[in-house]
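Let's take a walk through this structure together. Have the sequence handy as you read.

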Amino acid sequence: MTSEELLQIAEEVNAERQASDFEVNVCVALGCLSQHSDKLKDALTAEAAVASSRTGKRCHVRGTGCMGLCAAGPLVRVESPAMADTQTLYAGVHESDVKEVIASLGGKPVERLEAHLEQYFCGQNQIVLENSGYIDPEKIDEYIERGGYQALIKALTEMTPQAVIEQISKSGLRGRGGGGYPTGLKWSTVSKAVGAQKYVICNGDEGDPGAFMDRSVLESDPQRVIEGMAIAAYAVGASKGYIYVRAEYPLAVARMTSSLQHARRRGLLGNNICGTTFAFDIEIRLGAGAFVCGEETALIASIEGLRGQPRPRPPYPAVSGLWDSPTLINNVETFANVPPIVRKGAEWYASIGTEKSKGTKVFALTGKITNTGLVEIPMGMPLREIIFGIGGGVPNGRKFKAVQTGGPSGGCIPEEHLDLPISYEALIELGSMMGSGGMIVMDDTSCMVNVARFFMEFCMTESCGKCIPCRAGTAQMFQLLTKICDGKASHADLDLLKDLCDVVKNTSLCGLGMTAPNPVLSTLRYFEHEYMEHIDHQHCRAGVCACGTKPIADLTAAEVTA
Amino acid sequence: MSAPVDVKTLVIDGVNVSGRAGQTVLEVARENNISIPTLCHLDGLSEVGACRMCLVEVKNSPKLFPSCVLKVEEGMEVTTASDRLKHYRQTILELFFAERNHICSVCVANGHCELQSAARSQGLTHVRLPYRNPLLDVDASHERFVLDHNRCILCTRCVRVCAEIEGAHVWDIMSRGIDSMLIADLHQPWGESSCTRCGKCVQVCPTGALSDKSKLGSDHPKYPEFLPYLNMMREGQ
């Protein structure tokens, strides 16, 4: 495969597209699929065939990846290749609407189904998701048509591994799995590490409650991740890669499996890639549903076939990882950022975002929010703009209370801090963290003590049980939080809870335990009055806890308005 | 001429000490009579860094490090005892005591228990946390030994000695988190398992979780010191 051959494929695909008068794109990613968009696609295909035999106009129905707005599914986007800028997005399309949609092609759009989401799409800056919803994820040629694999060929034929690492370093890309470790620095460490065999691992064990960014990328644009991994392998000198995906993502696994085969068939994986001496291949490994396997050392143990438990670091995987060899582990989204950086240059990427957090970040916007779905925004955008602008705010006239970021390792951010531009540092400053990108919006029907209890229960059941602070500490903290929620706790219990938070945070073996107290600490920081109401007055203002919501005569005015 | 030895000099608790490259802080500290409490560590077994008792402070790092796996480095400044560490160690011990059922007066290991002596050496006077007292089984199916899950602290010494020294790998851990449980083979009764009856696991168990049926009450000293010698002799072969 050479860049000329790539261009030829792109031209062929493009010519085929231009040959059809209309394109009907149906989202067949998991969100819309759960609303039977596969049947919808079949119905559209059948109807389009009938219509074209009548009108002579050619209509191509394509199953695509995620279009972002998962709650409004099934989504259908109609466009005409001749007029690239006119497209109509339909939301909530069902089989009964098929005739109407096909009949409207070339004429007036079906007003009833049209989604008016200018607000949702403007403000986003799609780099990772640039192809999501535009290509058939199971067709490698459609990825190539949109510039795919140019970056790999560029890296292999024009750049030294050192130059690739330099580009990644200069771009300012940081780990998108949550920690925010500079990607270029990690690559450079692995490339310098001594070892005959090196590995590249893609961490797709996304397990945070309410997060589905990686799943969407794997389902909607799998080739992008493969290309990113191949570039990384070239840069660090690895010849073998693993994609670790949770088995709960069957569609992502199926698409990735077929995508790997397509890439091999095109000569983009295997030996002598693009006519060079570079050899690289990828295997899929399935996670068996343990959250802790998202931790890199536990993930490595799991790939090795051992019990998925973390081990103390150092040594870091960059020095001694998979089978004691130097190993590069990055998250799905990190790898997905790599091809555009190599293709368009580090300066372009570094021009987006804030001083220390460059580029864009994909968030899974969920909870009490109008536009549930995936958004990709440039770093530095204030949380308020994401939630009230792109997200459309809190529905049903309820009042916004807090937004939870970073999953069980993160924290809750109240309204008064929503104007802060989003970045790794800013979120940590607020007692939360970037995490992998879950963003759960909560309104006044959520009790913050109960939220903390929920996340503590999650950490308790997902603790691997290896180290005592995490194993027994989370269980003790969960018990104390339950006591508070039940209105049976004392101030001494709260002090004990705070003390345990400190101990578990500082003595746990891995990131799971170290960050398990964060939801408690951040809700204590911003919503301590809610804890006090439960303890002093057996009062849950949201009315969700077992202690009840009986009105409290002796609440001071200040406490009530707090 | 023998290979040059890479010596690292470091400071532990204000004392200038030296160690070979590759040695752990725990090893060097103990060579210099600086005591660091441990539970999951045992000379002769691989390290897992799980009990967190041996955490130490290293200058210029906000993080604490388990000294059993922390390798010595040139110029390192380590603190093994501070009010903060003492508080953490005490709380960790409280978590151990409250996790299952550790009532010393009725335990077979009373007086020979490492959890008990750690609590004494760390000055633990009471447990603030509620005892969880889960309902756990006692496996007395083995003809010579007993497994009492209620006394188990999941240090995995038995797992390691069986896999690494005896080579049988009878023991392992099942489930996760607070539900973690020691199992023989694929969760068989110990007496029906592939156990070789060597008794190493009983000797290395720090508490009364694994004990010898022939011992009475608290008359159950354990002798785990055979391990380093055994390793040395094997390596010499």
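This is a predicted model: local features need pLDDT of at least 70, side-chain atom pairs count only at pLDDT 80 or more; totals for chains, interfaces and linings use all residues.

## Where the chains touch

The contact takes 25 residues from chain A and 24 residues from chain B.

Now look at the chain B side. Sort the side of chain B that touches chain A by class and you get 16 nonpolar, four polar and four charged residues.

## Two helices in chain A

Next, hop over to chain A and find helix α8 (residues 161–171) and helix α11 (residues 222–236). They pack with their axes 7 Å apart, at an angle of about 120°. Because of that angle, α8(A) counts as oblique to α11(A). The crossing in which α8(A) passes α11(A) is left-handed.

So who meets whom? On the α8(A) side you'll find P161(A), V164(A) and I165(A), and they meet I231(A), Y234(A) and A235(A) in α11(A). By class, this contact of α8(A) with α11(A) has six nonpolar residues, no polar ones and no charged ones.

## A sheet in chain B

Back in chain B, there's an open sheet of three strands, in the order β6-β7-β10, with antiparallel pairing. Its edge strands are β6 (138–139) and β10 (210–212), and each pairs on one side only.

Zoom in on β6(B) and strand β7 (residues 145–148) of chain B: they pair in the antiparallel sense over two bridges. Here V138(B) stands opposite D148(B) in β7(B).

Conventions: Residues are numbered from 1 along each chain as its sequence is written. Chains are lettered from A and ligands numbered from 1 in the order in which they are written. Axes are lines fitted to C-alpha atoms, for helices over the stretch in contact, and angles run from 0 to 180 degrees between N-to-C directions. Helices (H or I, at least four residues) and strands (E, at least two) are DSSP runs, numbered from the N terminus. Angles under 35 degrees count as roughly parallel, over 145 as roughly antiparallel, 65 to 115 as roughly perpendicular and the rest as oblique. A crossing is left-handed if the near helix is turned anticlockwise from the far one by less than a right angle, and right-handed if clockwise. Two residues are in contact if their C-beta atoms, placed from the backbone, lie within 7 Å. Ala, Val, Leu, Ile, Met, Phe, Trp, Tyr, Cys and Pro count as nonpolar, Asp, Glu, Lys and Arg as charged, and the others, Gly among them, as polar. Two strands pair if DSSP finds at least two bridges between them.
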